[in-house]
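Here are my notes on this one, in numbered points.

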Amino acid sequence: MPQAIQLRLLTNQETAALTRRAKFNTLRPTTCQQCGHIGGFARQIFWIGSVSRTERSSEETQGLLRYHLRHRYGVDYVFFKSHGTAFYADSACCPQCGSTRIEFDLEFTDALLAEVTKVTGLPLDAVRRKLQHHVERGAALPHLPDLTLPERDQLPTEP
Ligand SMILES: [Zn+2]
């Protein structure tokens, strides 16, 4: 476990810049699980420092991060995402009821599926099922390591 995890809420400007990137925003808020609101959500993204790549999917690390996010920022539900070399916790807040229990949905683009297929070595159908399964189980899961998508520059090169 890391000695001291750094956690910082991104500014509105940083959040806007990050969510404009298709790759980061592949998994995005769609529905409030509390009141059913669909559409626009306030986004809160936290930059996380001092967590190595291998620790990012660890249950212990994610549990610790969730604890801090809940107590320091009142955020109950987050998705962990790697983007470039950085690591983030992505969350949304319902403009109608204030809940952070928001369902995120994956946009199943061919590029996304191809990427995951390449990294995991699983057939396309299996990848689709696996991702869909995680999305259906929602953001309240203790950890979603499979949704910390690999970065393009880290993919194995073609033979
Ligand atoms: Zn709501």
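1. Let me start with Cys94. Cys94 counts as buried, because 21 C-beta neighbours lie inside 10 Å; the cut-off for buried is 20 or more other C-beta atoms within 10 Å, exposed means 12 or fewer, partly exposed is in between, and C-beta atoms are placed from the backbone. Cys94 sits in the loop between β5 and β6. Leaving out neighbours within four places in sequence, Cys94 contacts Cys32, Gln34, Cys35, His37, Phe41, Ser99 and Ile102, a contact being two C-beta atoms, placed from the backbone, within 7 Å. Cys94 and Thr31 are 63 residues apart in sequence, yet their C-alpha atoms are 8.6 Å apart in space.

2. A word on what we are looking at. This is a predicted model, where local features need pLDDT of at least 70, side-chain atom pairs count only at pLDDT 80 or more, and totals for chains, interfaces and linings use all residues. Residue numbers start from 1 along each chain as its sequence is written.

3. Overall layout: the protein has four helices and six strands, running β-α-β-β-α-β-β-β-α-α from the N terminus. Helices (H or I, at least four residues) and strands (E, at least two) are DSSP runs, numbered from the N terminus. Of the 159 residues, 23% are buried. Among contacts between residues at least 6 apart in sequence, 76% join residues at least 24 apart.

4. Now the sheet. It is an open one of four strands in the order β1-β3-β5-β4, with antiparallel pairing; strands pair if DSSP finds at least two bridges between them. β1 (6-9) and β4 are the edge strands with a single partner strand each, so one side of each has no neighbour in the sheet. Direction ignored, neighbouring strands are turned by 30° against each other on average; the axes here are lines fitted to C-alpha atoms, for helices over the stretch in contact, with angles running from 0 to 180 degrees between N-to-C directions.

5. β4 and β5 are antiparallel over five bridges. Phe80 stands opposite Ala89 in β5, and Ser82 has Phe87 of β5 as its bridge partner. The two strands form a hairpin with two residues between them, and Gly84 in the turn has a positive phi of about 60°.

6. On to the core. The largest nonpolar core has 22 residues, and Phe46, Ile48, Val78, Tyr88, Ala89 and Ile102 have the most contacts inside it. Such a core is a set of buried Ala, Val, Leu, Ile, Met, Phe, Trp, Tyr and Cys residues joined through C-beta atoms within 7 Å. At least two residues each come from β2 (27-32), β3 (42-49), α2 (59-73), β4 (79-83), β5 (86-93) and β6 (102-106). β5 gives the largest share, four residues. Phe46 is worth a click: beyond four places in sequence, Phe46 contacts Leu7, Arg8, Leu9, Leu10, Leu69, Tyr88 and Ala89.

7. Leu9, in strand β1, is partly exposed, because 17 C-beta neighbours lie inside 10 Å. Not counting residues up to four places away, Leu9 touches Gln44, Phe46 and Tyr73. Leu9 and Tyr73 are 64 residues apart in sequence and 8.9 Å apart, C-alpha to C-alpha.

8. Helix α2 has 15 residues and reaches 20 Å from first C-alpha to last, close to the 21 Å expected at 1.5 Å a residue (the expected span being 1.5 Å times one less than the number of residues). Its buried residues are Thr61, Gln62, Leu65 and Leu69. They cover an arc of only 90° around the axis, which puts them on the same side of α2; the arc is that of the directions from the helix axis to the C-beta atoms. β3, β4 and β5 are among what covers them. The face turned away from the buried side carries exposed Glu59, Glu60, Tyr67 and His71. After α2 comes Gly74, with a positive phi near 70°.

9. One backbone spot to check: Ser50 is not a glycine, but has a positive phi of about 65°. Most residues other than glycine have a negative phi. Ser50 lies in the loop between β3 and α2 and counts as exposed, because 12 other C-beta atoms are within 10 Å.
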